[in-house]
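Take a look at the model below before reading on.

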Amino acid sequence: MPALHADEIPTTPALVRELLAAQMPEWAGLPLRYAGAGTDNTMYRLGEEYVVRLPRTPAGTLERELTWAPRLAPHVGALLPEPVRRGAPSARFPAPWCVLRWLDGAEPGPGTVRDWATFGTDLATFVRELRGAPLMGARRADGLSWYRGGQLHGITAEAEAALDGCAALGDVLALDLAALREVWEAALALPDAASPEGWLHGDLRPANLLVQDGALHAVLDFGTLSLGLPDAEHAPVFDLPPRARTAYREALALDDTTWARALAVAAMAVPYYWSTLPDFAAESLTRLRNVLADAAGTGTG
């Protein structure tokens with residue numbers, strides 16, 4: 001897979017075997033194979049029970065997942081990542097890494113989801129359960145402050161950069177960029193959100209959800225876990241089909257103002273990965289088109 005970041009840490013199966021031999025020798029002989037990569041981590045399947053997860057940059061985001069996913073797991077119905085062992089930074093790999101228990105399932109899609117309305121309701125249930133989980137002493141000041149977890153006015157610079165990035169790509173996007181900007185500006189004119197801060201997964205895109213037997217089974221990747229306002233949590237639902245979005249909104253009883261804020265955050269789908277990660281770019285385009293459909297009142301049903 002091509003590098004996505006200027007400070008990318010390259011990995012290979014040989015490197016992973018070397019790390020295991022040095023820090024977890026009892027597993028060094030297990031079968032190992034590449035299992036995919038996201039924007040922040042690369043995964044290798046280790047035997048049948050485990051997966052090795054390595055951050056793609058030195059900063060990484062594993063610590064939030066390793067610390068909080070086990071504590072939050074009892075408070076939600078879906079399965080969460082289960083850390084088994086922590087790997088320490090070394091001369092060969094300058095960042096913490098970990099071994100998690102492997103979770104079976106498939107990404108949600110037309111061939112895996114039995115009923116999109118049910119899926120949307122199940123995702124809403126997860127969001128409600130996570131937001132209702134106790135803080136357990138967590139504070140935003142403790143590395144749990146995500147830039148999209150505050151009021152919309154606090155992310156104006158990021159939104160403008162995202163919209164300008166889309167404009168720079170020009171006609172290749174085949175999107176009404178003026179309408180996207182109107183979605184953002186209309187949300188800025190709304191009153192600030194009044195909801196109390198609570199837990200946010202932060203990135204509930206399809207790649208971080210697992211389906212089993214047609215239904216939501218597990219939620220992965222807690223690298224953007226934070227405490228904040230709920231508007232940003234709702235944004236990835238625009239990656240899903242209309243029936244799922246409608247059921248999600250109804251299950252959480254989201255009013256027009258909250259939905260408008262969610263639309264605005266979703267409109268910030270960043271063109272950062274346009275040339276390096278085409279699948280992610282295509283996913284972002286789907287989100288933007290769905291934002292425009294919902295804003296125009298044609299994206300439900």
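Is Ser226 buried or exposed? Ser226 is buried, because its relative accessible area is 0%; buried means under 20% relative accessible area, exposed over 50%, and partly exposed in between, with a 1.4 Å probe and protein chains only. This is a predicted model, in which local features need pLDDT of at least 70 and side-chain atom pairs count only at pLDDT 80 or more, while totals for chains, interfaces and linings use all residues. Residues are numbered from 1 along each chain as its sequence is written, and side-chain values use heavy atoms, with hydrogens and water left out.

Ser226 sits in strand E9, residues 226-228. Helices (H or I, at least four residues) and strands (E, at least two) are DSSP runs, numbered from the N terminus. Around Ser226, contact means heavy atoms within 4.5 Å. Setting aside neighbours within four places in sequence, Ser226 is in contact with Leu144, Ser145, Trp146, Gly198, Trp199 and Leu200.

Trp199 leads on to the core. The largest nonpolar core has 61 residues. Such a core is a set of buried Ala, Val, Leu, Ile, Met, Phe, Trp, Tyr and Cys residues joined through side-chain atoms within 4.5 Å. Phe126, Trp199 and Tyr248 have the most contacts inside this largest core. Helix H3 (residues 116-132) gives the largest share of it, seven residues. A second, separate core holds 18 residues, including Leu20, Tyr44, Tyr50 and Trp97. In soluble globular proteins, nonpolar side chains tend to be buried together.

Cys98 is buried, with a relative accessible area of 0%. Cys166 is also buried, at 3%. A disulfide is a pair of cysteine sulfur atoms within 2.5 Å. By this rule the model has zero disulfides.

Now the helix packing. Helix H5 (residues 177-188) packs against helix H9 (residues 278-295) at an angle of about 65°, with the axes 10 Å apart. Axes are lines fitted to C-alpha atoms, for helices over the stretch in contact, and angles run from 0 to 180 degrees between N-to-C directions. H5 is therefore roughly perpendicular to H9. The classes are these: under 35 degrees is roughly parallel, over 145 roughly antiparallel, 65 to 115 roughly perpendicular, and the rest oblique. The H5 side of the contact is Ala179, Leu180 and Val183, and the H9 side is Leu288, Val291, Leu292 and Ala295.

H5 also packs against helix H8 (residues 256-266). Here the angle is about 135° and the axes are 8 Å apart, so H5 is oblique to H8. Val183, Trp184 and Ala187 in H5 meet Ala260, Arg261, Leu263 and Ala264 in H8.

How much of H8 is covered, and by what? Eight of its eleven residues are buried, so H8 counts as mostly covered because of the burial cut-off. Among the buried residues are Thr258, Trp259, Arg261 and Leu263. What covers the buried residues of H8 includes H5, helix H6 (231-234), helix H7 (242-252) and H9.

Leu216 lies in E8. Leu216 counts as buried, because its relative accessibility is 15%. Beyond residues up to four places away in sequence, Leu216 touches Phe119, Asp122, Leu123, Phe126, Leu209 and Leu210. The C-alpha atoms of Leu216 and Val237, 21 residues apart along the chain, are separated by 14 Å.

Compare the pair Ala106 and Leu216. They are 110 residues apart in sequence and 9.6 Å apart in space, C-alpha to C-alpha. Ala106 lies in the loop between strand E5 (97-101) and H3. Ala106 is partly exposed, with a relative accessible area of 28%. Leaving out residues up to four places away, Ala106 touches Thr112, Leu209, Leu210 and Val211.

Two backbone angles close the tour. Most residues other than glycine have a negative phi. Asp213 has a positive phi of about 55° although it is not a glycine. Asp221 has a positive phi near 55°. Asp221 is found in the loop between E8 and E9. At 16% relative accessibility, Asp221 counts as buried.
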